[in-house]
Amino acid sequence: MSEADHNQVGGQDNPPPRPNGWVRFETGPLTAIATVMFLGAVVIMLCESAGRAFFDHSAFWAEEAVRFLVVWAFFLTLGAAGSAGYHIRSDLLVSHLGRRAKLAAGGIAALAGLGFAIVLLMGSIPQVQRYYTMGMTSDSNLELPMWLVFLAMPIGAIFLAIFYLRLLARVARGTDPFADDDDGAAGKF
């Protein structure tokens, strides 16, 4: 069913379903912040390259800023990438299963992903606490507090856990969490 057919049922125009608040947050401000961070890293890299090539000058802070911006952009978008259907999935075996088995496999995959997100969260919190109590800073003259840099890990783990919890909610409703359906393609909500 095309989007035009879906929006016109019984001769009446029906507006497309409005995404919930979490989806609007993921696709709006969260993705925008991560995009600005990534683009900032690209601009800094290009300026650094031009400075080295044409002016024989290098900014002491550029490499570190790029690294930290990319790390933050990556972790902020872990859950959003899954919701958009961009997590890598192999469904060669699952595609040959029946409906109930596909549902069970999707539930197991979502539980495994949630388990990973919890391990990431539980492993990163002590690291952030340790860097905070030690007062550790970055190696460059920027001296950024490392706990602030590594705070991206637990935040990303929480976003990833939310993604997998939403998949489990689909399983609980009897919907294959990775199926292409009215909610979107493979993990989209």
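This is a short walk through one predicted protein model, from the overall fold down to single residues.

Some ground rules. The model is predicted, so local features need pLDDT of at least 70 and side-chain atom pairs count only at pLDDT 80 or more, while totals for chains, interfaces and linings use all residues. Residues are numbered from 1 along each chain as its sequence is written, and side-chain values use heavy atoms, with hydrogens and water left out.

Start with the fold. The protein chain has seven helices and two strands. Both kinds of element are DSSP runs, numbered from the N terminus: helices are H or I with at least four residues, strands are E with at least two. From the N terminus on, the order is α-β-β-α-α-α-α-α-α.

Now the chain totals. There are 189 residues, and buried ones make up 32% of them. Buried means under 20% relative accessible area, exposed means over 50%, and partly exposed is in between, with a 1.4 Å probe and protein chains only. The accessible surface is about 11900 Å², and 66% of that belongs to carbon and sulfur atoms. Those areas come from the Shrake-Rupley method with a 1.4 Å probe; for residues, only the protein chains shown count as cover. On contacts, take pairs at least 6 apart in sequence: 66% of these join residues at least 24 apart. Contact means heavy atoms within 4.5 Å.

Next, a helix pair. Two packed helices are described by the angle between their axes and the distance between the axes. Here the pair is α2, residues 21–55, and α7, residues 152–172. Their axes come within 12 Å and cross at roughly 145°. Axes are lines fitted to C-alpha atoms, for helices over the stretch in contact, and angles run from 0 to 180 degrees between N-to-C directions. The crossing of α2 and α7 is left-handed. That term applies if the near helix is turned anticlockwise from the far one by less than a right angle; clockwise is right-handed.

Which residues of α2 and α7 meet? From α2 come W22, V23, F25, E26 and L30; from α7 come F159, I162 and R166. By class, the contact of α2 with α7 has six nonpolar, no polar and two charged residues. Nonpolar covers Ala, Val, Leu, Ile, Met, Phe, Trp, Tyr, Cys and Pro; charged covers Asp, Glu, Lys and Arg; the others, Gly among them, are polar.

Stay with α7 for a moment. L167 lies in this helix. L167 is buried, at 0% relative accessibility. L167 and F178 are eleven residues apart in sequence, with C-alpha atoms 8.0 Å apart in space.

On to the rings. Rings of Phe, Tyr and Trp (its six-membered ring) pair if their centres lie within 6.5 Å; planes under 30 degrees apart are stacked, over 60 edge-to-face, and the rest tilted. By this rule the count is seven aromatic pairs. One of them joins Y132 and W147, edge-to-face, at 5.3 Å centre to centre and 85° between the planes. This pair links distant parts of the chain: Y132 is in α5, residues 99–134, and W147 is in α6, residues 146–150, 15 residues apart. Y132 is exposed, at 54% relative accessible area. W147 is partly exposed, at 28%. Ring pairs also link W22, F25 and F159 into a cluster.

What else does W147 touch? Leaving aside neighbours within four places in sequence, W147 is in contact with V128, Y131 and Y132. W147 and I125 are 22 residues apart in sequence and 9.7 Å apart in space, C-alpha to C-alpha.

Last, the loops. Most residues other than glycine have a negative phi. D56 has a positive phi, near 50°. D56 sits in the loop between α2 and α3, the latter being 62–76. D56 is exposed, at 74% relative accessibility. E143 also has a positive phi near 50°. E143 sits in the loop between α5 and α6, and E143 is exposed, at 52% relative accessible area.

One more loop residue. L97 lies between α4 (78–83) and α5. L97 is partly exposed, at 32% relative accessible area. Leaving aside neighbours within four places in sequence, L97 is in contact with K102 and A105.
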